[in-house]
Amino acid sequence: MDKDALKKIISHSKEYGFIFPSSEIYEGLNAIYDYAHNGTLLKNNIREYWWKSMVQLNENIVGIDSAIFMHPKTWVASGHVDAFNDPLIDNKDSKKRYRADVLIEEHIEKLNLKIKKEVSKAEKRFKEKFDKKEFLATNPRVKEITKSINEIKSKMVSAFEDDDLVLVKKLIDDLEIKCQVSGTCNWTEVRQFNLMFNTKLGASEDSSMDLYLRPETAQGIFLNYLSVQKTSRMKIPFGIAQTGKAFRNEIVARQFIFRMREFEQMEMQFFIQPGTQEDWFNQWKKKRLKWHLNLGIESDCFRYHDHDKLAHYADAACDIEFLFPFGFKELEGIHSRTDFDLKSHEKLSGKKIQYFDPLLNKNYTPFVLETSIGLDRMFLAIISNSLKTEILEDGTSRNVMNIPKPLAPNKLAFLPLVKKDGLPEYTRNIMKDFIHEINIVFDEKDAIGRRYRRQDAIGTPYCITVDHQTIEDDSFTIRDRESMEQKRINLSELKTIINDELSLNSLLKKLDN
Ligand code: GAP
């Protein structure tokens, strides 16, 4: 884990107006953050990319914005009251708390790394004669590690399925898993801890109702599913998309905005015919990975992780993992949620929420395929991938954020070369041509080189420098964030760049191809 890289991201985010720790004047609040100006712009752009790619590009996906507070029975039906727990274990020496399943999964990951090492050693030894498939199937050492991985996985799955926390603890003991901080195996028992925050609705103690802050946005979609289907006249298969805040009393909230207590989700529930879930699961896995790769981030930074331990509502689940500074971790979940939620709500509410399928001429409870991504986690993926420190030819260094251009907080920075001769006024006049279309910024303070650096550090793709020649022929210098190259262009060329490279439309069009 690169602790320095994460530290650098945190301090850069604060210094350049992306993210502030919340309530800082009162010493802050653990795992709660506020988004500053540049951070809000970037976050809005990511949300818009997601929203438009779902709702605008798919005629069978519609949107909704449901309330955070929902009837408390919602969470009984959804299983969150009984089953939205994290199995926790403490190390008695370091007093550090861990999720028991994560400890075991990390142990498995270490074994997988051992296999990878064996493969790369053999690759070097046998060169072009190397047959990876055969090696994995026949090499005794690899076979032995694979066998123990499978054994651990099956013990873990059955222990969690049976809710047998004693067995989970035994597995951690048997595997001699050590605490990363104390280095000891001195563990407490494993306990379940419910992650929902509760609050009260109403003024008086007697009449008030216990409520939960929603731990996922999905339930707002399930409760509205039939009304949405009817009012938007959708036929199965169709989807409902929503973005909004979710709240979880995370025990091991850490790693900056990776695991927060108040965060935002972007979820889409796709309602399908029972029996077709495997096909849709595979389709959405591919579609969602394509959405990520469309941003131009290297494909090596993503991988699928199929789940062994399934949530109470799922018959299949896969994470799209991203290479964060602290390793590959879940960025997005794709879940085959069966008819669990709709059936449970139907049962507890006593209301019929089935779908009449005109093609099959029968009623049924649809199955649901869900894609669920944390907006803050996507934000972290983007900033951690884009922040670079470069050593330049003259020996100086610069911080640059290579944020995918259509998502950058500001698309263009307009810089009058000097603060006199009417250049600032002329610059502001040119800006009027763009201000309705994209986010742009004006900067006249300091020498031009320092202004370029400031824009590099917040990821502005291009700087437009207005000089004396501009007044004569309406041309200006455009400087590229990545190459730092400068060239002279005119207004219509700039409009083409905006259209082809900087607009969200350009990104959505690529996704469509
Ligand atoms: N409706 C399904 C659901 O909520 P999840 O896997 O628990 O599934 C989905 O969460 C996504 O929400 C995750 O992949 C992650 O991106 C984001 N997420 C979950 N917990 C989070 C937290 N504490 N902080 C930030 N993002 C979180």
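This report covers the ligand shell and the cysteines of a predicted model.

## The shell around the ligand

The ligand is surrounded by 22 residues. Glu216, Met260, Glu267, Glu330 and Leu331 are the closest.

β13 gives the largest share, with six residues.

## Polar contacts and cover

Glu330 places a side-chain N or O atom 2.5 Å from an oxygen atom of the ligand. Leu331 uses its backbone instead: a polar atom there is 2.8 Å from a ligand oxygen. Glu250 has a polar side-chain atom 2.8 Å from a nitrogen atom of the ligand.

On its own, the ligand has 560 Å² of accessible area. The protein covers 93% of that area.

## Cysteines

A disulfide is a covalent bond between the sulfur atoms of two cysteines. A search of the whole structure finds zero of them. Take Cys185: the nearest cysteine sulfur belongs to Cys179 and is 9.5 Å away. A disulfide needs the two sulfur atoms within 2.5 Å, so Cys185 is in no disulfide.

Is Cys185 buried or exposed, or in between? Its relative accessible area is 36%. Buried means under 20% and exposed means over 50%, so Cys185 counts as partly exposed. Cys463 has a relative accessibility of 1%. That value is under the 20% cut-off, so Cys463 counts as buried.

How values were computed. Residues numbered from 1 in each chain as written. Predicted model: local features only at pLDDT ≥ 70, side-chain atom pairs only at ≥ 80, totals over all residues. Heavy atoms only, no water. Buried < 20%, exposed > 50% of the residue type's maximum accessible area, 1.4 Å probe, protein only. Near = heavy atom within 4 Å. Polar contact = N/O pair within 3.5 Å; in protein donor to acceptor, adjacent residues only side chain to side chain. Areas by Shrake-Rupley, 256 points an atom, 1.4 Å probe, with all protein chains shown as cover. Helix = DSSP H or I, 4+ residues; strand = E, 2+ residues; numbered from the N terminus.
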